[in-house]
Each structure stands twice: as C-alpha cells, then as structure tokens.
Amino acid sequence: MTGLGNRAQPASNDEMLRLEDLKVHFPVKMPFVQRLLQREETVVHAVDGVSFGIRAGEILGLVGESGCGKSTVGRACVRLVKPTAGRIFFDGQDITELGGGKLRALRRRIQIIFQDPHASLNPAMTIGKAIGHPLRIHSSVFGPQKTGSEAFGEWIRQKVLTAMKEVGLTPEEQLYDKYPGDLSGGQKQRVVMARALILEPNLLVVDEGVSMLDMSVRAKVLELMLDLKRRHGLTYLFITHDLATAKFMCDQIAIMYLGRIVEIGPASEIYADPKHPYTKALLQVIPIPDPDRRSKKVLPRGEVPDAVHPPAGCRFHPRCPAVLSSCGWEGRDFVDFLDEHLSDPKRVGDDESVLGPIEDWRAKGLVARLESDPLKVGKAVERVKAVLTEAPVSLAEAVETISSQNRTVIVRFRSPDQLLQTKVQGRTVECLLYQ
Amino acid sequence: MQEGETLGVVGETGCGKSTLGKAILGILPARTLVAGKILFRGRDLTQLSNLMYRRIRGEEIALIFQDPMTRLNPLMRIQDHFLEEIHAHESVSSTEARTRAREALVSMGIHETRIRNYPHEFSGGMRQRIMIALALVLKPSLLIADEPTTSLDVIVEAQILDILQDLKEAYHMSLLLITHNLGIVAEVCDRVAVLYAGKLVELGSVRDIFHKPLHPYTQGLLSSVIHLETKELHSIEGSPPDLIAPPSGCRFHPRCSYAEPICTDKIPPLVEFEPGHFAACHFGDKFL
C-alpha cells in the first residue's frame, strides 16, 4: 500500500485498485410535499471521502460495524453503485464513469462475493449451470467455439468441473447437477467462489464472505481463499465486521466509521498498537475464549448514529472514551446529554420542571435552544450551568456561551478543530489526539 | 440448572439449541412430538394445561429472541407492548401497569417519555433493550436468551451482555444463554452445555469445557474459534448431518477423527467423567 488515508494521492503503478476521495450519497425517499418544503436535499452519507490503494497480490481488510459504509465501498469498486464524487482506478485505468461494453469487460476482472451464499444463487439453477453462467455471458471473449454449439457446451462443462475441483466441491461430477438447496452453507459459498473465479478475475471483493457460516466450516472457506490467492495471484478487498478474522487474513487494515476511514495501515502495526479510540474499542470487545481471562471493558456509549446527519468534527466523538473538548461537540450533543440526565431518577431533582420537557429543545449546528417561559429563562440559564457540571468535562468545556434572548435559552458550542490525517507509526490516523 | 446460574447452550446451526429454548416455554408448533420431562422447580412443564402454561410464560420463565427488529409489533406503541403483557398476567390498574412499564424502561436507560414511541423509532440496540425490559417486567426467575446479540454490532453486543449480567444479579435470576459464539460463553457463563445434531454431547463448568474438553466435537469447535491470538485455522471435516436420518451410534462419528467401530454401533451415554463434567463419548476418559 502506498498512499494512505482519506486524502487523494496520485496513483502508483503497482496498485491494483485505488480510490480517491470516494463519496457515495444515497437520497432519502420522502413524501412529495416534504421534499418541496425542504431546502437542501436529504442524503445518507454512506461513504464520505474515502481514499486507499490495494497493491497487486495484497489483501486489504475493510473493517467496521453495520452502516459504516464498508459494503457500499465494495459495491462501488465493482461499480454496482454509482459514486457521487471521487475517482476509482483499477490497474491504472479510471473506471469511475465506465459504461456499456467497457464496464462489462471490467467485470471480468473484478468479481464480488456476498455474505449470503443462499441468496446469491438461483434456487432453480443447477450448480454446474450457475458456475458456468458467467462464461456464457462473456462467451464472446472466452468461447473458442461457436456459442450454442455442442463443443461450446462441453468446453464450459470441463471448465466448470475444473473450477469445482479447485474450490473443493467434490465429487464434482455428482454435484454438477445438484441444486443449491441440496448443499450445505459452506458448500454453497464454495459454489459462489467457483462462479466468481471462473472468469479468472484479478480482484475479488469479499463482502462478509464467511459471516453466515458456522465456525466449524468458516476456517475451511478462509483457507480456500488464501490458497486461491496464492495459486492465482489474486488481490482481495476483504470486507468484514470481525477484526479477529481480518487479522488472520489481511496484510493491510482500514477501519471505517460512519463513512470515513479512521485508521489505515499495515495489519501487524494496527493490531499490535491501535491508535484511534474506535479501533481500540473494536479490538477490546472481541471476546477471548478463555474463562480465566474475563475482564471488565470500557465500552463506547450508545450506537452508531444516523448517517443522514453525521456528527460534526470527528464522527466518533459522541461515543469516544478519549474525547477532547475540540472534537466536535454541538447542540444536539447537549440535548442528548440533557435527555440522559432527565431520565436518571437519582439526579433529576426538579430539573425537569425548569429545563424540560426534552422535546422543547431544538438543536441546530453548534447551538441548542429552549423556548421557555419568560419568567423562567433566567433560572433556566443558571440551571443549564449547574447541569453542565455533571456533564463529561470535554462537553462542558466545549460550551462557548450560555445566554438568553427574550424567552429563549441558548447554549452555544465552540467550533471544532479541523480534523486531519496524521501519520503515526506506519499508519494513518484521523484523530485529534495525534495531530 | 441451579438458581442464579448462567448456563450457556452452544452449538451450530441446526443443532437444536433454539428448539430447546422453545420447548421449555412450550411454544413449539402444534403437534410437535415432545417426549421426556421439563422440570421447573419440581413441576413437569410438559404436563401442564395450556392455561397453566400461560401463567408460567413471561411470569416465571421469559424469552428474548434473536432479532429485536422483528419481535416488536410495528403497529403498537412500546407502552402497549408492556400493558398487554402485564394485563395478561396480573389484574392491576392501567395506571399501575404504566408505572411499572416506565420503571422497566428507565432501568434499561431509555427515557420514559419514549414509551409512547413506536418500535421503528428506536435503534437496534435500544430495541433489544426494550425486549429485555419486556422480558423482565414480570420479574421472571428464569430468562432464556436465544442469540440475544447476534444481529447487533459488536460494541452494542458487549453493552447488552453487560446489561444482562447486571440484571441477573439485581433480580437473582437464572439465565439460559443460547448462542453459537463461544467467546461470549467464555465471558459470561458459569456452566456450558454443548449440543450436536440434537444431542447433548458435553456438559460442565465453563472451565471444564474450555480447558479440558472431553468430547471431540467440543474440542473441534473450540479450536475452530477465530480470535485475536489465532495462529492457524482449524476446522471440523464434513458438515452437520441431516436430522431426518441422523447417523447411527454417536451422531458425530462420521466427522470424528477418533471414531472406532463402536461409535457407529452404539449410542454413547452421557457419563460423568469427573465431578460435574459430563460427556457423551465412548472414549471420553482418553482426554481426562
């Protein structure tokens, strides 16, 4: 891997794949009237500025929780989704805008394997037919014989049987005419792999390829992937939520959170000494299969927020155990904190009557406001100050002013520091702690 | 299972672990053949009338399902889920039922005003916390959690497991944790039952199972776990059998590297090889 991180860098020659500042935004479906009233378009920021390169023969692990955009990156690489912005290079060629016959030719060289092998196979198609299907689709390139001729059919059959043997689908002659329903989960995933490999691609995108498989067969499929890589010089983009599997498989690791890569670099470095608090959290929650090594963990709070309105500053800041006052605190963080405070019967006291109900608070950008009773405004400002003493220190410190205007209480936050990619010990991290 | 104990039931897809949980609650499809006994505090649940069984469900034994996304009725407010359940078991006023529902929700860290929201207004982790609150509102003494964290993200999974453990202690509850994830079992269980193809193959304390597994299937399962210290991959040859015509003798014998002729002929009984450590293997003593 050469150029690291989210920033665009020139493509180098030995890179099989390079993404430069890739963005994929999906429009949110809304009723017509609402769409008219809305000034700006509402979009899901599934991928929001991702850059990385994969060198030929390498495995890059793209790791993150559901909704972080890792699958969208994978789909964009195969051009199953259209990038909103940014560039995708494959083998030095810009494939971002490719269409028609050129795109089809590209698909021979990049294949994708999905999580659910059962859903990836047509239940009414025999295994042999499914695996040979890509050859028929691309027959103009592959078929030495005339399409539809008997010789062509036999040629495909031989190719399919060879591929089946290679992925361990034996006895191949017997399995050839079976249907997906007759096979186990592990076997089905092998069928999907044989089908992906029959066109002899260079790059394989594996999207949670073993997550649905039982533990006892998972290892076999992973071994097969490594074996095929060695034999055919394949390059993998290995997408997973499981850092333990990624550790075993990958040369390079990219940790993704809410559309951004937060840490990327050689797997050995990142596992030995994770830098980003999110990477640390992910590594910490992997259970150790030893009852003598139970430990109390410091978990990030809450869940992955909505990608329609990602948090300001560092997107991980509302959950981060190491958060600073300059990480991106904003109005809605205060409302969330207040919500939590008001729902704690031990701490709430009469705060609810002064600062509640929580629904009356409005947050926009760096500001949170409460339309209050004109008589209560002064008291409310004082109470906000009191409540903030119980807030996380970094949040309280990020508050710039607490003021009142007629009957409105206004809590205003400082602008966050700008987040940059920083090189730290062989990897690139996007975190203020290292800037 | 002892009072206050956490028992992990582990096994792979199709080994019967979820069926076991449903059987205990008597919610298997009608006309399912259930033989044997399910003794709950000395009472055989299989002999109960439907009416009696309904009193046990929720009130004494509660169940949390795998997928919180589909287990809440999308057309019902959270509050109504609670009210329906409380009124089905106790004749209390709506006001009191509502108070208890609010308390249960708040104990799960969800603001009480949200009790009027609908399920789709909550995230996955919150929905699973609501499911737990629903399971606990009647203060059952046994909670069956069937893959409670499988559809959740890893960090939220750890959060939910933390909550379950805290609650178990707070309510003096017993927990039957059904899972395929051995890492979770190692972290939270006191004892472990290993199922294979519908049979209990090993039962023992969590230390027995993880440090001294006696059944070759347990051994294979443990070595196939991929964790951060995994140096090489292991797997079990073959795949789980078809339960319409399961293998004769020990059901694991076609995949077992230690199999002898006796394994094909004779079903191994569950034997206590050391105090509290049971295994159903003809050669269990070989691994002691």
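Tutor: Take helix 16 (residues 377–388) of chain A to begin with. This is a predicted model, in which local features need pLDDT of at least 70 and side-chain atom pairs count only at pLDDT 80 or more, while totals for chains, interfaces and linings use all residues. Residues are numbered from 1 along each chain as its sequence is written, and chains are lettered from A and ligands numbered from 1 in the order in which they are written.

Student: How do you know that the length of helix 16 of chain A agrees with what a helix should span?

Tutor: Helices (H or I, at least four residues) and strands (E, at least two) are DSSP runs, numbered from the N terminus. The expected span is 1.5 Å times one less than the number of residues. For the twelve residues of helix 16 of chain A that gives 16 Å, and the end C-alpha atoms are 16 Å apart, so the two agree.

Student: Which residues of helix 16 of chain A are called buried, and why do they count as lining one face?

Tutor: A residue is buried if 20 or more other C-beta atoms lie within 10 Å of its own, exposed if 12 or fewer, and partly exposed in between, with C-beta atoms placed from the backbone. In helix 16 of chain A, A:A380, A:V384, A:V387 and A:L388 are buried. Seen down the axis, they fall within an arc of 95° and therefore line one face of the helix; the arc is that of the directions from the helix axis to the C-beta atoms. A:G378 and A:E382, on the other side of helix 16 of chain A, are exposed.

Student: What do the buried residues of helix 16 of chain A pack against?

Tutor: Their partners in chain A include helix 14 (331–342), strand 12 (367–371) and helix 17 (393–398). Two residues are in contact if their C-beta atoms, placed from the backbone, lie within 7 Å.

Student: What share of chain A is buried?

Tutor: Buried residues are 46% of the 435 residues in chain A. Chain A has 17 helices and 16 strands.
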